[in-house]
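Please look through the sequence and the 3D structure shown below, and keep them at hand while reading this report. The sections that follow take up strands, helices and cores in turn.

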Amino acid sequence: MVHVYNCHPFASQRVVSAEQEPGLVCCGGGALFVVCAGGCRIEAYDVRRDECPLICRFSSAGVVRAIRHSGAGDYLVTIEEKNRATYLRAYTNWRYQAVEKTRVGVRLLGHFLSGSSLRGVPKEQMEIIEIPLFEPPLCMACCPLTGDLLVGCAKSLVVFSLKRQTLSEQLSILDFERVQILHIQGWSPSQVAFCAGYVALQSELEVLVIKITQQQNTPATGDHALLPDDIMTDTSLDEDAEMKKDGFSPLYEQDDFFMFPKHQEMLGSEAQDCGISFLLEWTGTETERPGDLSVDYVLYRRFAPDFFQGCSIEETHLHSLQLHPMFNSAEEDSIISKQCEPSCMFVFFSLPNTGYVYSLKDSVELVSTYQYPEKSHQAVLSDQFLYVITRNALQCFTVRCSAVAARVHDPYIDTTMKACPPVTMEVCALRIQLFIGLKTLCHDENHIVLLTAADVDNREDTERSARKNTESREHKTLTGILVAVGLEPSSTPALENLLSRAFLSRKTSVCKSTESTDSGHGWNLYVITSVSTLQLYSEIVEYSKRYEQSSPLSQSCIHLLSEAHLLLRSALITQQDYESGERAQLQQAFQQSCAHLGDCFSRLEKDCHLALPYYKMSGLSVTEVIQRNAAKNSFSSEYGNGFLFYLKHSLYEETVEELSEDMANKVLEIFSAAEPAQLPHVVSSPSMVRVDPDGAMIHLKQLEVSGTSSITLSLCMASLALRKGDLHSYRLQMDRHAEMLQVYGFIEEPRLLLHGRGKAMMPTVLARHLRGAHEGLLVAAVVALHENSKIKLEEADLFLQELCKDAVEVQSCPQLLQDFWEALLVASSQESIIQELLFRLVSVYIDRITRKDHSGARPLKTAEDLINSCSHYGMLYPWVSILTPIPFNITHDQQDLHKLQSLLCGPTLEVSSICPLLEQLSDHDNTGLSVHVLCDTKLGQHERSLDKLLDRCPRAIIPYANHELQNEKLCLWWQKLFPELCRRMKKTGHDSTILFALKETLVVLGAELNPLEFLDLLPDEGTAHFFLPHLFECSQRNLLM
């Protein structure tokens, strides 16, 4: 069902003072073209000026049967007849006829004038271009983007590319080049449309849309198609003829039956099974060939005559085929390049009683169906409206093109951020304007052109009507006479038969008309100007208020406001030539329409969630939205679900708006009455920082008394107590729940601790109090928030840094932040987070070790705690304890060293990632040496580690070798360590540490090598009795094996 309203989309109506009765009309480029009766003269009128003055008139080469205007190139194309032949001609530079320059050039496509006519000053003249075809043209269409021409013939479609040929430095002219021929098999179009590679074809009851595209690496399907079973092919007809010869007659040839094809709809690739196939032939130059081309099927729709639509079989046929593109602003700027493809493409076609709009881009779908109140003659689709003419009315329907385009242009549509009326919303008729005898409709910019012609009744209709009336009077008179004499006509069949005959003599039935056989005609040509978008928007809003007054929840009110919203969307999306001031007014009206829709959905039960995005798009503050809804509920304390949904989301989101004390208290009253369970979350909102703590505490205590006690409620009351300075009440509330349960409370409501998102993280009063009184609970809460995806790692860092901004430890990482990282490392299972935390902790440990930080801040966990609770921290290797013994009273910087060493002894840290950090840590003391040796060992540089230990701490060499030189590194005992010890022993003399290490090395060599290998390793110099015991031990062990 189509809603019908009484708005006024038409601003003015002008009559074009044409001298002769128009035969055909079309418009474009701000001009109206009238083909005068007889079809041999074309007049152009300026519809942008008052009175629609004549621009020019010129004669055509033949009788014009069809005419089109192309905005790109500003040319006219016609199908003309002359001497029983049909021609296709293009008229370029027709505006030169306006200044009485009568020069007209006639030439063939691709042939240019030469010789003396091109010398000197360029000749400004209209040109008639003859376009030759192999078949007579049936229909044609111009691409509105490129000016290319598509011509439909009985068995083919021919594409001509519009080109500007440069003949000299001072002269360039328009010309056409035939570039493609689509040979059609199984169809003959009666109407075509052409735009951005899309081709739409129409016959009496069928519509087909295809697209010419560059072929992908898949086999082309455009040169063949399957035929449905219900399509009668030539082969089937031949078979039927043979059957008739043999005395048989098929079912659909019998006199009692007449077969119609059934309704059918095929979308996308399914349309290739429609039974219509194409063979694409490239006829342009090979240098301009855009690659291999293919035909993609987009849409096929077939209709059958419907006897319940009020139309006869002869009247049931399609009309007004149209392709309609929509662009965004960036695309419109590049249209001139001929390479831009519109973001949205629609196709429209219509039956006498029903119109259809399909969206063709991406997924093909039916957008709207229009049910006309009476039989239509013609229709035109624009960005904002569908105009339809019937015999006596111009109808203006709304469209859903802008709703489709909005969802293509903006991915945030249909989210909590933005909304748009649905594509499936019912269309409506804004206006039905009465005219007499409407014949033709065309549209250009904001102008509508109508041709009316009222025909008087012809003589045959007059005679038929008079004869019917006379026979009726005779029948009544004779029946009366028979009844008067006592005869009942119905009792005697003979009398009934007598009365059924026509008694009037044809000679005396009707007086012959003395009028001429030519009937008189009255005609008018109107130019109707549409009202501005802002004016029509204001009228629709005022119109909706009538429904709102009678019923605030009226669907008609929402429908009208949605139509007004889409009207503004269309104007903003299409980027028409608005001045900056007018565009600002459109944007302001758009925000106003969003506010109106937000008001409507705030009171509704159904689709109440839409109040949130519409209010957001309106630009209204939370305070303004509350005031609007409070004004509408001045006599009632109940608020709509949509408003409560908006208010909850606005308070839960991290907005920068802080409500005043009065408005914050008003919000408490609203939720205390509507949803008291939400009060703890409402009070915790950053927008409610100015709320009266005493009043908020009263509402929360009422909630507690009602039996809705929770951990979050207790924490919220504790926070309010801190704001009032009541530490006693604070402690009472905090002591009601264990620490782990309080962490769950913070997970449920994180804003008890922090406000903000991104780079603006502000601690609350409760967080600042926990910072000094209960750091463990604070760190555990922040870790829990991160692990439950309530905050990101960077946000937690900013929060804790802001919390410690006034601490003494300004130059280093705050101890609280380090505690958080260590606690998060214990809890986290995400590999990326773990590696990031390890890097940060190593950086902090090295920085503090280097600066010998003695800030006095006590860490929450010692190195021993971390080793026992976290698998990423490992037990220290024995040789590390020799380098850096752990004292009984360990200091804070020693804790950092211990933690760093433990990480390097653990299984997780990727040492290669921290190598740049080691540059700031010197290895001149044992502290730095232990870290460097640990890193070298982790990187597999054991020989380098052995050299460092032999140079700096030889007493640790044997514990290091025993721990590290195992398995595949065992060979380093005799390949690296033994020769190095011998060399150093010879150099230093009797060094007890080196001597001890050498003896321990010989024990390992004796155990791992055979006697010959052992002998080969012994040095040429040395005391024999020193090595003999080890050689003897090696031999004994070898014999036992």
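In strand E25, Tyr370 is the bridge partner of Gly355. The model is a predicted one, in which local features need pLDDT of at least 70 and side-chain atom pairs count only at pLDDT 80 or more, while totals for chains, interfaces and linings use all residues. Residues are numbered from 1 along each chain as its sequence is written, and side-chain values use heavy atoms, with hydrogens and water left out.

E24 and E25 pair in the antiparallel sense over six bridges, where two strands are said to pair if DSSP finds at least two bridges between them. The two strands form a hairpin with five residues between them, and in that turn Asp362 has a positive phi of about 60°. On E24 (residues 354-359) there is also an antiparallel pairing with E23 (residues 344-350), made by five bridges; in E24, Gly355 is the bridge partner of Ser350.

Together, four strands make an open, antiparallel sheet in the order E22-E23-E24-E25. Its edge strands are E22 (319-326) and E25 (365-371), each of which pairs on one side only. From one strand to the next, the twist averages 15°. Helix H3 (residues 401-409) lies across E22, E23, E24 and E25 and runs at about 160° to E23; such angles run from 0 to 180 degrees between N-to-C directions, and axes are lines fitted to C-alpha atoms, for helices over the stretch in contact.

## A second open sheet

Another open sheet has four strands in the order E3-E4-E5-E6, again with antiparallel pairing. Strands E3 (22-28) and E6 (54-59) stand at its edges with a single partner strand each, so one side of each is left without a neighbour in the sheet. The twist in this sheet averages 20° from one strand to the next. E5 (residues 41-46) runs antiparallel to E6 and is joined to it by five bridges, and in E6 the bridge partner of Tyr45 is Leu54.

Where H15 (residues 711-724) packs with H18 (residues 765-773), the angle is about 85° and the axes are 9 Å apart. The two helices are therefore roughly perpendicular to each other, a term used for angles of 65 to 115 degrees. Leu715, Ser719, Leu722 and Arg723 in H15 meet Val765, Leu766 and His769 in H18, contact meaning heavy atoms within 4.5 Å.

## A buried serine and the nonpolar cores

Ser570 lies in helix H7 (residues 555-573). With a relative accessibility of 1%, Ser570 counts as buried, which is the word for under 20% relative accessible area (1.4 Å probe, protein chains only). Not counting residues up to four places away in sequence, Ser570 touches Asp383, Gln384 and Ser402.

The largest nonpolar core has 183 residues, of which Leu394, Leu450, Phe820 and Trp973 touch the most other members. A nonpolar core is a set of buried Ala, Val, Leu, Ile, Met, Phe, Trp, Tyr and Cys residues joined through side-chain atoms within 4.5 Å. Helix H22 (residues 831-851) gives the largest share of this core, 10 residues. Apart from this core lies another, of 51 residues, among them Tyr198, Leu208, Met266 and Leu318.

Key:
Angles under 35 degrees count as roughly parallel, over 145 as roughly antiparallel, 65 to 115 as roughly perpendicular and the rest as oblique. Buried means under 20% relative accessible area, exposed over 50%, partly exposed in between (1.4 Å probe, protein chains only).
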